[in-house]
Amino acid sequence: MKFFVDTADTAEIGALAASGLLDGVTTNPSLIAKSGRRILDVIAEICRLVPGPVSAEVAATEFDAMMKEAAVLREIAPNVAVKVPLTPDGLRTCKALSAQGTMVNVTLCFSANQALLAAKAGATFVSPFVGRLDDIGQDGMELIADIMTIFNNYPDLKTEVLVASVRHPIHVLTAAKLGAHVATLPPAVLRQLFHHPLTDKGLAAFLADWAKTGQTIA
Ligand code: G3P
């Protein structure tokens, strides 16, 4: 399973990339706004920090305008994945960009049928938002289960399921059990995955015992 980080904060991205466990980055207009920076600058910096796919979202909603914005975004670096909304124009843009060999992430997916459309449009990634479904009293992970069932029924569909709007480690665990290809995580959730109280306790005990030996290894 690939781990992407869902942020436009380059300090966070740099720190997490140092772990060697970061496979890509996703951003959206809200995250760019939060960064307070120009989209072209921040995406270029992220692409230098992380060699994997970096999603940069168009702001236009009409096909021609989305294609124009996509042309600018994909020029930033070869690892840019152009992010388009799951609308008729977004899917048309996805189809055209995919045919040109550009990576596309279709975002704002809230149903399995929408995911199927994105796959048919040749999306590299489709992003179902699990947390926002949970927020309105639906089970976001049921959507992932449905999409995985459908995609497994049609092995010719090459689109990767990118679980987005992740709120906590249980989302990650369930997505992995379902075989989702990617999860994009807020930095805090990615950091949570590393920790367990018994790891901390065990390490403290090992270090205390080691100190008693008076030995060094290197
Ligand atoms: O980047 C898309 C998605 O991960 C947004 O998450 O927390 O705003 O629902 P959230």
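The largest cavity is lined by Leu16, Ser19, Leu21, Leu22, Leu190 and Phe194. In this predicted model, the space inside that cavity amounts to about 40 Å³. Its lining consists of five nonpolar residues and one polar residue, with no charged residue. The count of cavities of 30 Å³ or more is one.

The largest pocket has a volume of about 410 Å³. It is lined by 22 residues, of which Asp6, Thr7, Asn28, Leu31 and Lys34 are the closest to the pocket centre. By class, the lining of this pocket comprises seven nonpolar, eight polar and seven charged residues. Helix α2 (residues 29-35) supplies four residues, the largest share of the lining.

Helix α4 covers residues 63-76, and its 14 residues should span 20 Å at 1.5 Å a residue; the C-alpha atoms at its ends are 20 Å apart, in agreement with this expectation. Within α4, the residues Phe63, Met66, Met67, Ala70 and Leu73 are buried. Viewed down the helix axis, the buried residues of α4 fall within an arc of 130 degrees, and therefore line one face of the helix. Asp64, Lys68 and Glu75, on the other side of α4, are exposed. The elements that cover the buried residues of α4 include the helices α3 (39-49) and α5 (88-99), together with the strands β3 (54-57) and β4 (80-85).

Methods:
Residues are numbered from 1 along each chain as its sequence is written. This is a predicted model: local features need pLDDT of at least 70, side-chain atom pairs count only at pLDDT 80 or more; totals for chains, interfaces and linings use all residues. Side-chain values use heavy atoms; hydrogens and water are left out. On a 1 Å grid over the protein atoms alone, a cavity is a set of points where a 1.4 Å probe fits but cannot get out, and a pocket is an open set with protein on both sides within 12 Å along at least five of seven lines; lining residues have an atom within 4 Å of a point. Grid points are joined across faces, edges and corners, and a volume is the space filled by probe spheres set on the points. Helices (H or I, at least four residues) and strands (E, at least two) are DSSP runs, numbered from the N terminus. Ala, Val, Leu, Ile, Met, Phe, Trp, Tyr, Cys and Pro count as nonpolar, Asp, Glu, Lys and Arg as charged, and the others, Gly among them, as polar. The expected span of a helix is 1.5 Å times one less than its number of residues. Buried means under 20% relative accessible area, exposed over 50%, partly exposed in between (1.4 Å probe, protein chains only). The arc is that of the directions from the helix axis to the C-beta atoms. Contact means heavy atoms within 4.5 Å.
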